Amino acid sequence: MLDFYHEIAGLESEMTLNELKQELLKQEKVWTKRQVNTPEKATKMLSIIFDAKKAFETESSRKKYAVSYTHLRAHETSL
């Protein structure tokens, strides 16, 4: 599971669902433009953004991601 808040610049866990969606759209536009100069990185980032858009599609999906994210963070700190 990816930490979208770490992987995608501009995302913060305190944002509302609407703010997250707006930031993801902004980042999608940025990385689409970067496909010309950095195609491999852009392809990777667009894939991450696509996954994040699914995770933050609804409040329900966001809560599901939050539970997984919390487990991920707890596991990392226990190592």
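Met45 comes in at 5% relative accessibility, so Met45 counts as buried (the cut-offs: buried is under 20% relative accessible area, exposed is over 50%, and partly exposed is in between, with a 1.4 Å probe and protein chains only). Its place is in helix H3. What you're looking at is a predicted model, where local features need pLDDT of at least 70, side-chain atom pairs count only at pLDDT 80 or more, and totals for chains, interfaces and linings use all residues. Residues are numbered from 1 along each chain as its sequence is written, and side-chain values use heavy atoms, with hydrogens and water left out.

**Overall layout**

- The protein chain has 4 helices and 0 strands, both taken as DSSP runs numbered from the N terminus (helices are H or I with at least four residues, strands are E with at least two).
- Reading from the N terminus, the elements go α-α-α-α.
- Of the 79 residues in the protein chain, 32% count as buried.
- Among contacts with a separation of 6 or more, 56% join residues 24 or more positions apart (a contact means heavy atoms within 4.5 Å).
- The accessible surface of the protein chain is about 5,600 Å², and 55% of that belongs to carbon and sulfur atoms (areas come from the Shrake-Rupley method with a 1.4 Å probe; for residues, only the protein chains shown count as cover).

**Helix H3 and Met45**

- H3 has 17 residues and spans 24 Å from its first C-alpha to its last, close to the 24 Å expected at 1.5 Å a residue (the expected span is 1.5 Å times one less than the number of residues).
- The buried residues of H3 are Ala42, Met45, Leu46, Ile48, Ile49, Ala52 and Ala55.
- Leaving out residues up to four places away in sequence, Met45 touches Glu7, Ile8 and Trp31.
- Met45 and Glu7 are 38 residues apart along the chain, yet their C-alpha atoms are separated by 8.3 Å.

**Trp31 and its neighbours**

- Trp31 sits in helix H2 and, with 10% relative accessibility, counts as buried.
- Not counting residues up to four places away in sequence, Trp31 touches Thr38, Lys41, Ala42, Met45, Leu46 and Ile49.
- From Trp31 to Ala42 it's 11 residues in sequence and 5.3 Å in space, C-alpha to C-alpha.
- There's a charge over the ring too: the charged end of Arg34 is 4.5 Å from the centre of the Trp31 ring (the rule asks for NZ of Lys or CZ of Arg within 6 Å of the ring centre and within 35 degrees of the ring normal).

**Aromatic pairs**

- A search of the whole structure turns up 5 aromatic pairs (rings of Phe, Tyr and Trp, the last by its six-membered ring, pair if their centres lie within 6.5 Å; planes under 30 degrees apart are stacked, over 60 edge-to-face, and the rest tilted).
- Phe4 and Phe56 have ring centres 6.1 Å apart and planes at 70°, so this pair is edge-to-face.
- Phe4 lies in helix H1 (residues 4-7) and Phe56 in the loop between helix H3 (39-55) and helix H4 (59-78), so their pair ties together parts that are 52 residues apart in sequence.
- Phe56 also pairs edge-to-face with Tyr65, at 5.3 Å centre to centre and 80° between the planes.
- Relative accessibility is 6% for Phe4, which counts as buried; Phe56, at 1%, counts as buried, and so does Tyr65 at 4%.
- Ring pairs link Phe4, Tyr5, Phe56 and Tyr65 into a cluster.

**The nonpolar core**

- In soluble globular proteins, nonpolar side chains tend to be buried together.
- The largest nonpolar core here has 19 residues, of which Phe4, Tyr5, Ile8, Leu11, Leu24, Phe56 and Tyr65 touch the most other members (such a core is a set of buried Ala, Val, Leu, Ile, Met, Phe, Trp, Tyr and Cys residues joined through side-chain atoms within 4.5 Å).
- H1, helix H2 (17-33), H3 and H4 are the elements that give two or more residues to this core, and H3 gives the most, with 7 residues.
- Setting aside neighbours within four places in sequence, the contacts of Phe56 include Phe4, Tyr5, Leu11, Leu24 and Tyr65.
- Leu11 is in the loop between H1 and H2 and counts as buried at 5% relative accessibility.
- Beyond four places in sequence, Leu11 touches Phe4, Tyr5, Leu20, Glu23, Leu24 and Phe56.
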